[in-house]
Amino acid sequence: MGLMIWERRGRSAANGAAALLASVAVVALSAPFAHAQQATRPAGEQADQSKKTDQEKAAPAGATLLDKILVLSRTGETAIQSLASASHVDQEQLDRRMATTPNEMLLGVPGVATQADARRVSTSINIRGLQDFGRVAVIVDGARQNFQRSDHGTQSTFYIDPELVKSVDVIRGPVANTYGSGAIGGVVFFDTKDAQDFLKPDETWAGSVTGRYESNGKGWTTSATGAYRINENWDVLGNIVYRDYDNYKDGDGDTVNGTGFDVLSGLLKTTIRPTENSELKLGWVGSSDGWDETSGGVPVNDVDLKSNTFTARYNITDDDKSWLDLHINTSYNKTNLDLTSLVPQNRFDPVTGLPVVLPAGSRSTFDVGTTGIDIWNTSRFETSGVAHELTYGGDWVGDNVETGGAAGGDSFYTPSGKRNVSGAYVQDKLTWEWLEVIAGLRYDSYSLKDDTHDISGDRLSPRVTVGVSPFESAGLAGLQFYGTYAEGYRSPSITETLISGNHPAGVSFPFLPNPNLRPETGKTTEFGVNYRQNDIFEPGDALRLKAAYFSNDVDDYIDGVTLSPFAPGSGCPFGPGIPICFQYQNFAKAKIDGFELEGVYDAAWGYAGLSASITNGHTVSYKGVEADLATIPSSQVTAQLGLRFLEDKLTVGGEVQYNGKPKGNAVATDYTLVNAFASYQATDNLKVDFRADNLFDVKYANPLNGSTTVAVYEPGITLKLAATMRFGG
């Protein structure tokens, strides 16, 4: 299948504000070190006072992001408390990053990378070298995002506008297996905005309008938010976002065709609290997008995309959250992508392999619907001085894939079919003085079927974690060590199992289905350390640090292989015009290991953060042959610094990120990016944000796009200016 480069339809040019933005960038980089006039949390790290843990109360000047309660957590823990590799990105951090894409939302999160081609709004997330086909569970408000379309490059994409998101939680590795089947790489949970976070305590209604200009691509973002408190137990929030961007330029000043886009996104959410101890959230998130796909610089397909996610989340507890902390989540996500050919296209018939002409006006459709149910309860009690947090539940996710259209159209290569995955689990977290033990067991099953195949399987996956806090002295009391062994289970996807037909363009060769694919089993060993300390250099400061080494063996790893018709037993038919065959097959394993670090120091004057990740990996065939794993991301080191001024109304700072070339990647290079930012809360109702990304105009490409047929270079220097006006009453 030929790689498509995306190009949106005509759009208006926007007048720039580059000079103003450049001035702000200089200020952000060269601002003198100064103390703020009062001690506060790092920008974006204002914890909900009603949800403070004991650890947060111990740091009155402000706990860091690692002290924020994970929305993803099933036991109400923070990232620094978690005996796992967990990270949290909150609203003010997202505002400071002025994200246009999910990639920018996840800047500096260790072990996490994203892949996107020129269609920047469609993204695939990579955790520890694993991505695509559900290896990373991407969840929006509890709804799994399972859209998939066969093509070169990334296979699984999702759509969420950063303006709709208030926080992002990440858990790396199969310790996240309580959050659904298949997540052997980890889980990324996007939590959208709530009225309760937007409305001030004395307000019945409030609204805000944001306008943003970006110099590279001359893009505009317009966002409007409105919230209304019907009564003290019922509120509603709506958000609408429109983005209009031209093609951007890379670090050499060359225009990257097909990178412009315009997209309309929206959010509607209501929260109802029937009793003091119960809460119901109903939500909708949607987007509508249209663009042109081009091949060889010529528009070939008109694309129409619509994505809608509906969620209902209910929580009820007893008075002290002891025996009852019940959650019931249901969701439905539907993504429809339609292609209409703009010009006649020379293709190969998927059945016969003979040349055909796909006439202008031909349509291909991709409709993927995902239904999910997730129910769990956490009971907290004590036996013989040992505290228990016992979590037990079950989940089910069903994918219904329907593709269709003209013979020779792209939809033929994303097979129709249905897949159901379900599971049940029990996990107990035991705490006794300096010792914590987490023991869990998950049962998974799956079924996959089309008109001629009916495939199923199941497995038990264990998890054991031991954490110790052996020191009591003042400087070491916050030091905790842990070790984990955890397994996860991923069933083959519909495409991996059932793809068939002949390659549509360029060279004709057959895709071979493989109904005998075995599920993947991830087996991870992890050793980590957590450290937290307050009042180190001055009253109210705080240091938080997490580090971990991991080793993950993915047994029966699934990847695409090229087969020769001349190799005995390959299954590739010998005949005229068949140079090769392509099939998804199991490897004996993929071996991945690495190191991750995340830390932040916060004081009155500002904050400093450092994160790092090194990932190595290769596949091993059943004959013992090793090969580099193409999905290994760059090794990264990200340093962040923020300084506060004017009673914390002004924050300026910057980020430096070094990216190291992955082993065996033919197109990747080492590169370093420098960003700068400034945020000024001019009044209670007016906020101005500035940002400069890739300040030194570095030309670079995402190493994860190394397997595609065309290198897409990332944006050069991009200057951003935004203003937000808020009002309420």
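An open sheet of 5 strands has the order 2-7-8-5-6, and its pairing is mixed. Here helices (H or I, at least four residues) and strands (E, at least two) are DSSP runs, numbered from the N terminus, and two strands pair if DSSP finds at least two bridges between them. Strand 2 (85-89) and strand 6 stand at the edges of this sheet, each with a single partner strand, so one side of each is left without a neighbour in the sheet. Strand 5 (residues 136-140) runs antiparallel to strand 6 and is joined to that strand by 2 bridges, and Ile-139 has Arg-144 in strand 6 as its bridge partner.

The model is predicted: local features need pLDDT of at least 70, side-chain atom pairs count only at pLDDT 80 or more, and totals for chains, interfaces and linings use all residues. Residues are numbered from 1 along each chain as its sequence is written, while side-chain values use heavy atoms, with hydrogens and water left out.

Strands of a sheet pair through backbone hydrogen bonds, either parallel or antiparallel. Strand 15 (residues 325-341) pairs with strand 18 in the antiparallel sense over 15 bridges, and the partner of Tyr-332 in strand 18 is Thr-371. Strand 18 (residues 363-383) in turn pairs with strand 19 (residues 386-405), again in the antiparallel sense, over 20 bridges. Thr-371 also has a bridge partner in strand 19, namely Gly-398, and Thr-378 is partnered in strand 19 by Thr-391.

The hairpin of strand 18 and strand 19 has 2 residues between the strands, and Ser-384 takes a positive phi near 50 degrees in this hairpin. Strand 19 also pairs with strand 20 (residues 417-432) in the antiparallel sense over 15 bridges, where Thr-391 stands opposite Gln-427 of strand 20.

## Aromatic pairs and charges over rings

A search of the whole structure finds 15 aromatic pairs, where rings of Phe, Tyr and Trp (its six-membered ring) pair if their centres lie within 6.5 Å, and planes under 30 degrees apart count as stacked, over 60 as edge-to-face and the rest as tilted. One of them is the tilted pair of Phe-158 and Phe-190, at 5.5 Å centre to centre and with 40 degrees between the planes. This pair links distant parts of the chain, 32 residues apart, with Phe-158 in the loop between strand 6 (143-144) and strand 7 (165-172) and Phe-190 in strand 8 (residues 186-192). Both Phe-158 and Phe-190 are buried, a term that means under 20% relative accessible area, with exposed meaning over 50% and partly exposed in between (1.4 Å probe, protein chains only).

Tyr-601 and Trp-605 form another tilted pair, 6.3 Å centre to centre and with 40 degrees between the planes. Tyr-601 is buried, with a relative accessible area of 15%, and Trp-605 is buried with a value of 11%. Elsewhere, ring pairs link Phe-133, Phe-509, Phe-511, Phe-582 and Tyr-584 into a cluster. Charges also sit over rings, which requires NZ of Lys or CZ of Arg within 6 Å of the ring centre and within 35 degrees of the ring normal: Lys-699 lies over the face of Tyr-713, at 4.3 Å from the ring centre, and the charged end of Arg-726 sits over the ring of Phe-198, 5.0 Å from its centre.

Trp-205, Val-209, Tyr-228, Ile-230, Trp-234, Met-725 and Phe-727 make a nonpolar surface patch of about 660 Å². The elements that give two or more residues to this patch are strand 9 (205-214), strand 10 (219-231) and strand 37 (718-728). Trp-205 has its place in strand 9 and is partly exposed, with a relative accessible area of 39%.

Such patches are made of residues with over 30% relative accessible area and no salt bridge, with like charges joined within 9 Å and nonpolar side chains (Val, Leu, Ile, Met, Phe, Trp, Tyr) within 5 Å. A salt bridge is a side-chain nitrogen of Lys or Arg within 4 Å of a carboxyl oxygen of Asp or Glu, and accessible areas come from the Shrake-Rupley method with a 1.4 Å probe, where for residues only the protein chains shown count as cover.

## Loop residues with positive phi

Met-98 has a positive phi of about 50 degrees although it is not a glycine. This residue lies in the loop between helix 3 (91-97) and helix 4 (102-105), and at 3% relative accessibility Met-98 counts as buried.

Asp-132, which is not a glycine either, has a positive phi of about 70 degrees. The loop that holds Asp-132 is the one between strand 4 (124-127) and strand 5, and Asp-132 counts as buried at 11% relative accessibility.
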